[in-house]
Amino acid sequence: MPSERMTVRGTSEIGRFPGAAPPTRVELTIQKEGEKKQEEGGCRRWFRKMCPCCCKRQNSSSYDVTDKIEVVKPKPAPEPAKPQPLNGEAKEMDEMKLSVRSVDLLSSKTGQNRQEHHTDLYHGDELIIRRGQTFQMELELNRPYSTDTDKLHLDLKTGPLPLVSKGTHVIIPLVDHLEDERWEAKIVEQNGNKIKLSVNSPANAVIGLYGLSVTTSSLKGEATTTHNASENIVMLFNPWCEEDTVFLDDEEERNEYVLNDTGRIYYGTEKQIGARTWNFGQFHEGILDACLFVLEKSDMPPSGRGDPVNVVRVMSAMINAQDDLGVLVGNWSGDYSEGVSPTAWSSSVEILRKYHTSDGTPVSYGQCWVFSGVTTTVLRCLGIPARSVTNFQSAHDTDVSLTTDVYFDANMEPIDYLNSDSVWNFHVWNDCWMARPDLPPGNGGWQAVDSTPQETSQGTFRCGPASVSAIRSGQVYLKHDTPFVFAEVNSDKIYWQRNLDGTFSQIYSEKKAVGHNISTKAVGSDERADITHLYKHQEGSEEERIAVETASRYGSKPDVYSVPMAEDVSVEVKMDGEGPRMGTDAKLSILVKNLSSQPRRTTLHSQVAVMYYTGVLKGTIKKEQMPVELLPNEEKSIEWVLPYQQYQDQLVDQAALMLTLSGRVSETKQVLANQTTFRLRTPDLSITPLGEAVVGKEMAAKITFTNPLPRTLKSVVFRVEGLGLQKGHEVVVGDVSGHSTVTLTEHFIPTQPGPRKLVASLDCKQLTQVHGVADIIVVEQ
């Protein structure tokens with residue numbers, strides 16, 4: 001119940017993120033009968049005297065709790081100066097009209113907004129907030145605000161042509177209770193002519209620069225006035241918000257990949273790896289303005305700036321100046337007399353500020369590590385977790401063959417004009433973190449993005465975001481630019497010789513030529529972290545070979561590797577009934593069928609990973625190999641088991657898992673692959689109505705829950721609500737030991753007849769998605 005929660009928790013509740021007050025059991029009788037009312041201020045008395053029809057005294061019998069928010073923390077209203085005599089009826093009406101005198105965005109670096117939104121490191125005192133999280137502002141009015149007579153709403157606008165339909169013109173209504181995933185505002189404090197608002201934004205809001213205006217009017221819609229705030233609001237992505245697609249749940253990783261303004265970039269050769277410190281400087285004076293300037297200069301429609309996939313793709317094009325007058329001019333000629341040598345840079349700050357202050361004149365010069373350093377700065381500045389990544393022995397595939405090709409003539413002399421593919425000693429690009437709802441589950445998490453101009457993508461020099469998970473498994477048909485990055489890290493080097501008839505024959509393949517020691521700075525230290533395993537399976541393993549051959553079939557030379565002689569073995573995963581239940585061993589069946597009249601042999605490689613509901617994989621928790629031998633036309637069902645002990649401390653919200661199977665049939669070279677997502681089912685809350693359901697007559701409902709786990713659930717909270725039955729509230733249960741049962745009896749008085757639903761949910765860290773519902777038909781008395 002909004003007003004009760006506000007009364008219990010005070011007025012500092014910014015939202016559902018760090019700093020929010022702990023759950024509290026809320027009684028429905030906070031506003032007790034006989035409780036002393038707040039003394040009516042002199043200002044209000046004067047207005048009621050001047051216009052009794054617009055400013056009625058509230059009747060205690062109909063006094064709604066929501067209207068008493070203003071007394072949560074009573075502060076005596078300052079006595080207004082004695083009103084001067086009014087000259088004429090028009091002036092009197094103008095004085096009565098509600099208007100905004102000033103807006104305070106509470107934007108100080110040391111204030112609650114900036115602290116709560118993790119934007120206190122940015123230079124300056126403008127309001128910088130992150131989407132999906134509430135923030136506060138104060139309005140000073142010309143007179144006290146009255147819910148009986150006044151209306152108020154906020155307008156936020158971004159881009160050159162703000163439109164409500166595009167999400168670039170946001171109309172924020174005043175509500176009694178803030179809900180997730182929508183634009184709303186609520187009065188949380190009122191003191192004389194001043195009101196304090198808590199404003200909520202959805203987690204998919206468009207990012208960028210917003211202008212704010214406040215519109216006031218009477219309840220009848222008359223006498224509208226609009227006040228334009230003198231300061232703008234900057235909205236960023238929010239890695240701290242679970243509903244934001246850039247959410248990163250590890251605090252140390254957020255500190256590293258969002259908040260750390262310095263880093264290390266690696267270069268050299270795989271046997272002589274060098275490191276240089278780079279100043280990303282995303283919080284430095286002028287850098288946020290420069291990043292927003294780059295966003296504006298991209299001509300990306302503001303309506304598309306809510307999707308980090310779009311933003312990253314556009315930024316990978318804008319960091320280089322190859323075809324769009326972007327930030328940096330690439331130069332590998334050795335002649336840097338017209339600008340700064342790429343090796344001389346050690347910071348993104350000077351580059352971005354120079355680009356901004358010159359109104360978008362490209363800066364000279366950059367090479368891969370400079371492009372990467374600037375990309376890290378821009379993405380971190382906008383709120384997207386990012387890091388610079390170096391690949392040693394990095395291939396450059398020019399013909400989408402997904403192989404690195406070397407051509408010789410009949411005398412084994414290199415054919416220079418055909419040998420356009422190359423292998424760089426090292427190449428630096430970026431990883432950025434986000435969910436990928438546009439791709440199949442399991443492809444969220446780290447995405448490769450490359451701002452160095454090498455090849456065009458859809459006509460523009462850019463690359464990514466490409467799912468690192470898709471690169472690892474050879475699923476190069478998933479966007480964006482996955483084939484190119486796959487070839488950089490895991491292509492085979494194929495040697496070709498020209499035949500007398502002009503055709504070419506494959507004479508040799510080098511399988512471990514590219515993609516070595518893929519490196520990034522470690523979290524929380526200056527050590528080098530090797531992340532090769534994220535981009536590719538162990539070199540030479542069966543899984544790695546399957547990935548290479550799977551990828552090559554989508555390239556321009558699909559027949560480089562032997563085509564399977566037959567595809568007559570199938571593999572699928574089945575589950576019994578509604579699937580595995582939380583707290584027990586998870587069991588699935590792997591069904592392998594041989595559809596041929598010959599025996600078949602294979603080894604199935606399985607791994608299971610914990611997965612967020614967004615499709616991001618948290619990490620692998622079990623791997624194994626299963627040899628399978630099939631007689632002609634035989635079907636085999638293999639039981640696959642994940643013990644409770646292996647997943648009990650690993651699960652995240654929704655308790656989702658992904659099982660990946662791969663293998664190759666020995667006799668035919670057929671590749672087998674299967675990915676199955678499943679969740680561990682949680683128990684329902686049982687809700688049993690007690691007594692007759694009659695309007696105005698007290699009844700009850702018994703809510704029962706049994707802990708399915710052999711461990712204690714900590715800090716369990718029930719949430720109960722029924723429209724027309726009772727207002728939503730929380731009941732703090734506390735700790736619930738393993739396999740024990742909790743029973744809660746709710747007493748309430750139905751207020752509306754007809755079919756009603758009483759819903760309840762359980763909230764605790766160890767167990768999510770536990771809820772129940774009871775259908776109750778309420779009759780008139």
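Predicted model: local features only at pLDDT ≥ 70, side-chain atom pairs only at ≥ 80, totals over all residues.
In which helix is the place of Arg 313? Arg 313 sits in helix H7, which covers residues 308-318; helices (H or I, at least four residues) and strands (E, at least two) are DSSP runs, numbered from the N terminus.

Residues are numbered from 1 along each chain as its sequence is written, and side-chain values use heavy atoms, with hydrogens and water left out.

Is Arg 313 buried or exposed? Arg 313 is buried, because its relative accessible area is 7%, and buried means under 20%, exposed over 50%, and partly exposed in between (1.4 Å probe, protein chains only). Its side chain makes a polar contact with the side chain of Asp 481, at 2.9 Å. A polar contact is a pair of N or O atoms within 3.5 Å; within protein, one must be able to donate a hydrogen and the other to accept it, and residues adjacent in sequence count only if both atoms are side-chain atoms.

H7 is mostly covered, with ten of its eleven residues buried; among them are Pro 308, Val 312 and Met 318.

Not counting residues up to four places away in sequence, Phe 718 touches, by contact (heavy atoms within 4.5 Å), residues including Leu 685, His 729 and Leu 762.
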